[in-house]
Structure formats: structure tokens, C-alpha cells
Amino acid sequence: MATPSSSLLSLVLLLLFSFILATSAAASENFILCLTSNSLNSTIISVIYTPNNSSYKSVLEFPIQNLRFMSPDTPKPLAIITPLHESHIQVAINCARNHSIQIRIRSGGHDYEGLSYVAHAPFFILDLNNLRSISVDEENSTAWVQSGATLGELYYRIAEKSNTLAFPAGTCPTVGVGGLFSGGGYGMLHRKYGLAADNVIDAHIIDANGRILDRESMGEDLFWAIRGGGGGSFGVIIAWKIKLVPVPSTVTVFSVRRTLEQNATMIFHRWQYIANKIDNDLYIGVNLRRVNSNTEEEKLTIEASFNSMFLGGVDELLPLMQNNFPELGLVKEDCTEMSWIESVVHFSGYPTGTSVDILLDRTPPYKNNFKSKSDYVKEPIPEIGLEGLWRKLYEEEAAWAMLLLTPYGGKMDEIPESETPFPHRAGIIYQIQHGVGWIEKGAEASIRPIDWIRRLYSYMAPYVSKSPRESYLNYKDLDLGTNNDNSETSYEQASIWGVKYFKNNFERLVHVKTMVDPSNFFKDEQSIPPISFLLQKGGEYGSLATKECHITDQIMDMF
């Protein structure tokens, strides 16, 4: 029998829950009303999707790659806005600020932790899908590309104009350029030309006040910050001007697989010594996973797949490989000559002979549940360390696990750590993306694979970068640390994850954030915090104020 006190508690909780629901509904209604009543262009009504709209679910879910964030209990947005032009974004920002609604900015939907389309407070998604125009200037080797375009669309439009121009970015064609550029963006050409962010020469951003700024009007500090510091912390980047790079009319690709029975351990160990030192025209990445052995039915083995693109013909490539990496045993039959744009299709995983028109298809080629982490290797992992890694890959939870290894060196060694917020430069042999997937649905099914990848991450600690243990921003990992949901986040707390992504550049990013968004309108679990939230009178921030005594007068004048 319920006691009077328990009945009273139940009533209080029911009233509180009802109040929260009513408040949320009112916030949503007022936000939508603000959007429609403040727009100078009535077309905004046609690009607002609320849960009552029949297209809401498809618009929300179509770009999402990670099925972990499509469960029924995943927080859903009050609305999705797919702007047709800048004025829609300006109105959305103004209304969201006035009604305390958080913003999530989605370019391609590939955020590894769902931060571009999930929040734990009332929020809306600004989906840039409709803003994807691309203008290529072949004569000056430049292009303007809007943030809603995918890499596939960008590559296709470049190749339409020239078969000897390209852009150094990623290999997944459905990734949105907005997120990739703002976090760095590496690919098959970064050893030759640097990252995507290294080749951005102008941008247009809408700030928290709704102003549209270009490089000149935003200033060099903000322009620095958005090229590797994560644009979502500073505003809505709507377009990028990029520098295109020359490629030969013919490139050569190969994918050579070796198992443990084919000396994969020795070959991979040797790869570590040449991957970042070989000719800058040659990229050789490695994928590691467990597979069924060909030599014995139902026996498992480890496979190392060496995937390469060379900027030149096969007759140039073969002697280069023989002189630098003969252990792989590359022969002419392993190689295929093709154009650069055909190599994009090849490394996107499409079958041989697939038309380059596939690059215009924005449909994600696959969707699954996954969790990823990243590392940077500065010293070759010894064979005993590799043997331990193989044992991890034999564990039951690793059935859908893979390690993707990306070589550095070349141009990456030449660019200073502070040139952009992306600091992972000289001294890096290769980058690791640890990934594990699973098929089963629900939170319960994710426990074991996520626990496995955390154990793998712990195992790898002795073999990767230290102080800090570096991570790649575009492979978001909330295990590294997060900001507080509904309260201010201290500089020290944010530094826990911030220095892993940005090293010493994190401090400058905080300063820039303070200048351009002191009220912290653009925020998420791993957004850059402003100092104005941190420098409080006395208490725990007194020492921080002393430590930050060299902050520029311009920033200090804001307090």
C-alpha cells in the first residue's frame, strides 16, 4: 500500500514531468513561430521539418551513417531546417538564440559520435544538404564549394573541368565537405599536398550574430581556427574557397593482401620503416583485420591489405617499390593504371568498372553500428607488440573490427604544428583509426564491442604518442572527455580532451572562441569553450587567470 509520502512524491514527479513536456512543447512552438514570422523570404516554410511532418523521419535519418544514433531513445530535434540560402540560416540563428534552442550543424551526417544531429537539450538540426553548389575555376586552379556538398560531388565537378586537377581530401564520397575541411581532412594525396584544410584559401561563415563574414572580415585568427579546429564551435561555415592541385593524367593503384601465413607480420613491420619516408608521390596505407584462412577451413588469420596510389605510371612505380619495399613482392599484374577520378571510385570501394557518376549519389554506401578511436604512431611497433595486437583481433568481439593505418611524412612533415589547429605533423609515421562494428540493435548489443575497443585502446598505449596521447578531431571520441551538459566547463576540464586533438593549439582556439562567440551559442559535448565562461572571480579560476596573463588585450577587454 502506498504511503502518503510516496504518493506525494509520485504526484510531484508527475507534475514536474508534465511541466517539462509543456515547456518543451512551448519552446518548439515559439521557435517555429519565430522562424516563420521573422523571415523576409517565405520559402523558409518549405524547408522546416517538424515531427508532425511526414518527411521528418526520412530527412532526419537519410544521411546518418552510425546506426547507434538511430535508436528510438536517441534524442530527436524539435525541427530540421534545410536552408536554401543564407537568410534562412541567419533567421534560424536569431530565433534559436532568442528561445534558448541549441543548434546542430550537419553537412554530411558522418559525425562518429552523432554530434551533428543529436543533443541532450532542446535543439534543431541545420542540415546544409541544399547548399552544395560547386564552382571550379580551371584557369586559376581554385574552386568555391558550399558546405553541404559531398566529397564525391566535389571530385566529380573538378574532373568535369580537368583530368589533371584534383583536391587532397578523404576517400569516402558521401562525407560532407563542411565537417571534413573544418577538422583537417586527409586522403591519398596528403603526403604530396597536405590536408584539405591546408589548401583552403578563403571561406564564408555566419557567426553567432548572424553576420556573413569572409576571410578578410572574419580576420586571420578565426580563419586559422576553422581550418582544423572544428567549424561548429565558431559559426556556420557555408562555403570554402580551395586551392586545387595538379595530378598526372595517369595514376597507378594496387591493393595487395597478405595473411600471417604469407609473412604479414614481417611485411607490416617493415612497412613502418618506409611508410613516411618513401617518395611523396606514393601513398601506401594498410588495413588490418581478421579473416578466414585460405589454408585451413574455419581457421582464422590476420590479413594486412596494402592499398596504394602512385602519381605516375606502373613502369615508374615498380622500380620504386623494388628499391624501397621489396618485401611486399609487388608485380605488374597487381597494378592498374587509371585516371585520378577513376582512382577515387576505386578507393571508395565500388566494383571495378563502376561509372564515376556514382560519386554524385549522396546515399551512404553502408550503415552500421560502430565505435571508433584514433592514435598516432611515432616509433615502429615491435613484432612482439604486433603479436599482441593479433591476439586482440582474434577475440570474439572483433569479428567486425578493423584498423586503418594512414602514412604521414612528405608535405605533412613540412607544415608547422601551429600553422593550423591540426597539430599532427612532423614525426608522425602513421595514424591509426581503430574501429569496431556490430549488427545487433539496441544499447545492450553495443556493450561488448565498445568494451572491446576500449581494451584495444588500452593495449595500444605503450606503442603510440604520449603526453598527450594524440587523437584526430574528425574521429570524434567522447571517451576522451566531454563538456558539461547544462553548466559551465572549466578550461582544465576541456583541456583533457582538447590537448589530445589540438596539442598546444587548444589554447589559441579557446582565445578565438572567446572573441567570436563569448556567449557559447555554438556548443556541443566537445566544442571549444570560451574563456569568458571560465575566468570567474576567485575560486578555482584564480590560478587560471594568472596562468593566462599573456592573453591579448583584445580578449581581456571583453571581460
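Is L328 buried or exposed, and what is its relative accessible area?

Tutor: L328 is buried, with a relative accessible area of 1%, where buried means under 20%, exposed over 50% and partly exposed in between, for a 1.4 Å probe and protein chains only. This is a predicted model, in which local features need pLDDT of at least 70 and side-chain atom pairs count only at pLDDT 80 or more, while totals for chains, interfaces and linings use all residues. Residues are numbered from 1 along each chain as its sequence is written, and side-chain values use heavy atoms, with hydrogens and water left out.

L328 lies in the loop between α10 (314-324) and β15 (335-338); helices (H or I, at least four residues) and strands (E, at least two) are DSSP runs, numbered from the N terminus. Once its neighbours within four places in sequence are left aside, L328 is in contact (heavy atoms within 4.5 Å) with F254, V256, R258, I267, F306 and M321. I267 is 61 residues away from L328 in sequence, yet their C-alpha atoms are 6.3 Å apart in space. C335 also counts as buried, at 13% relative accessibility.

In helix α11, S343 is buried as well, with a relative accessible area of 2%. Leaving aside neighbours within four places in sequence, its contacts are V251, V253, M309 and M338. Helix α11 (residues 340-347) also gives the largest share, four residues, of the lining of the largest cavity.

That cavity is one of three of 30 Å³ or more in the structure. Here a cavity is a set of points on a 1 Å grid over the protein atoms alone where a 1.4 Å probe fits but cannot get out, its lining residues having an atom within 4 Å of a point; a volume is the space filled by probe spheres set on the points, which are joined across faces, edges and corners. The largest cavity has a volume of about 110 Å³, and of the 14 residues that line it, G170, T171, M188, W340 and V344 are the closest to its centre. Its lining has ten nonpolar, four polar and no charged residues, with Ala, Val, Leu, Ile, Met, Phe, Trp, Tyr, Cys and Pro taken as nonpolar, Asp, Glu, Lys and Arg as charged, and the others, Gly among them, as polar. The second largest cavity, of about 60 Å³, has a lining of eight nonpolar, one polar and two charged residues, among them L60, E61, F69, K76 and Y117.

Elsewhere, an open sheet of four strands has the order β1-β2-β4-β3, with mixed pairing, two strands being paired if DSSP finds at least two bridges between them. Its edges are β1 (48-49) and β3 (102-106), each with a single partner strand, so one side of each is left without a neighbour in the sheet. Strands β2 (residues 79-81) and β4 (residues 123-127) run parallel and are joined by three bridges, with A79 opposite F124 in β4.

Finally, C34 and C95 form a disulfide, with their sulfur atoms 2.1 Å apart, where the cut-off for such a pair of cysteine sulfur atoms is within 2.5 Å. The torsion about their S-S bond is about -85 degrees, so the disulfide is left-handed. The pair links distant parts of the chain, C34 in helix α1 (residues 4-38) and C95 in helix α3 (residues 86-98), 61 residues apart, and both cysteines, C34 and C95, are buried.

Definitions and conventions:
1 Å grid on protein atoms, 1.4 Å probe; cavity = no way out; pocket = protein on both sides within 12 Å on 5 of 7 lines; lining within 4 Å.
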